[in-house]
Amino acid sequence: ILHGELHEFAHKVSFHPLAAYELAVCGEDGLTIWKGKFYEKDKLTWQIKKEIKGCFTSMEWSFDGKLLALGSCYSSAIELYDAQNEKIYSIAKVRCTIRELKWAPQGHYLLASSPENEFRLFETLHFTNDNWNN
């Protein structure tokens with residue numbers, strides 16, 4: 001059983017698309033990324049790889065596993081966790097809580113939806129961390 005302080009009120013759980021033993025859990029207290037490692041031939045142990053405090057209502061890994069899109073409930077923002085440099089960037093402010101995030105199959109668009117029937121589509125082909133926080 002995995003127990004982390006930041007997922008007492010978990011909203012979503014998602015395995016990394018390319019790393020079979022990497023799991024993300026987001027909720028009202030934050031995001032926890034777990035990494036599974038074999039310590040014997042058939043015994044797996046889980047360790048916390050990264051924790052980020054905050055309130056996250058939704059998340060979705062990009063298909064290449066480089067980015068994890070997060071819907072923040074406190075700041076009403078869409079944030080990206082860059083798995084390569086382990087940093088989080090705020091990319092957009094919205095007027096409401098994000099309930100669902102989905103990457104387009106080719107990875108060029110990110111769809112964000114809210115319970116208030118608001119949908120936003122972000123073009124992501126030119127996403128770079130140089131302009132995320134601007």
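Residues are numbered from 1 along each chain as its sequence is written, and side-chain values use heavy atoms, with hydrogens and water left out. Because the model is predicted, local features need pLDDT of at least 70 and side-chain atom pairs count only at pLDDT 80 or more, whereas totals for chains, interfaces and linings use all residues.

The protein chain contains 11 strands and zero helices. Helices (H or I, at least four residues) and strands (E, at least two) are DSSP runs, numbered from the N terminus. Read from the N terminus, the order of elements is β-β-β-β-β-β-β-β-β-β-β. Of the 134 residues in the chain, 44% are buried; buried means under 20% relative accessible area, exposed over 50%, and partly exposed in between (1.4 Å probe, protein chains only). Among contacts with a separation of 6 or more, 36% involve residues 24 or more positions apart, a contact being heavy atoms within 4.5 Å. The accessible surface of the chain is about 7,800 Å², and carbon and sulfur atoms contribute 50% of that area. Accessible areas come from the Shrake-Rupley method with a 1.4 Å probe; for residues, only the protein chains shown count as cover.

S2 and S3 are paired in the antiparallel sense over five bridges and form a hairpin with two residues between them. Within this pairing, Val25 has Thr32 in S3 as its bridge partner. S3 also pairs with S4 (residues 43–53), again in the antiparallel sense, over 10 bridges. A hairpin of two residues connects S3 to S4, and Leu31 lies opposite Ile52 in S4.

The whole structure holds one aromatic pair. Rings of Phe, Tyr and Trp (its six-membered ring) pair if their centres lie within 6.5 Å; planes under 30 degrees apart count as stacked, over 60 as edge-to-face and the rest as tilted. The pair consists of Tyr21 and Phe38 in an edge-to-face arrangement, with 5.2 Å centre to centre and 85° between the planes. Tyr21 belongs to the loop between strand S1 (10–15) and strand S2 (22–27), while Phe38 belongs to strand S3 (residues 30–40), 17 residues apart. Tyr21 is partly exposed because its relative accessibility is 38%; Phe38, at 43%, is therefore also partly exposed.

Strand S10 (109–113) and strand S11 (119–123) each provide at least two residues of the patch. Leu111 lies in S10 and, at 33% relative accessibility, is partly exposed.

Two further residues were considered individually. Ser72 is in strand S6 (residues 67–72) and is buried because its relative accessibility is 5%. Leaving aside residues up to four places away in sequence, Ser72 touches Cys55, Phe56, Ala77 and Glu79. His126, by contrast, is found in the segment after S11 and is exposed, with a relative accessible area of 57%. His126 and His108, 18 residues apart in sequence, are 8.4 Å apart in space, C-alpha to C-alpha.

Terms used: Two strands pair if DSSP finds at least two bridges between them.
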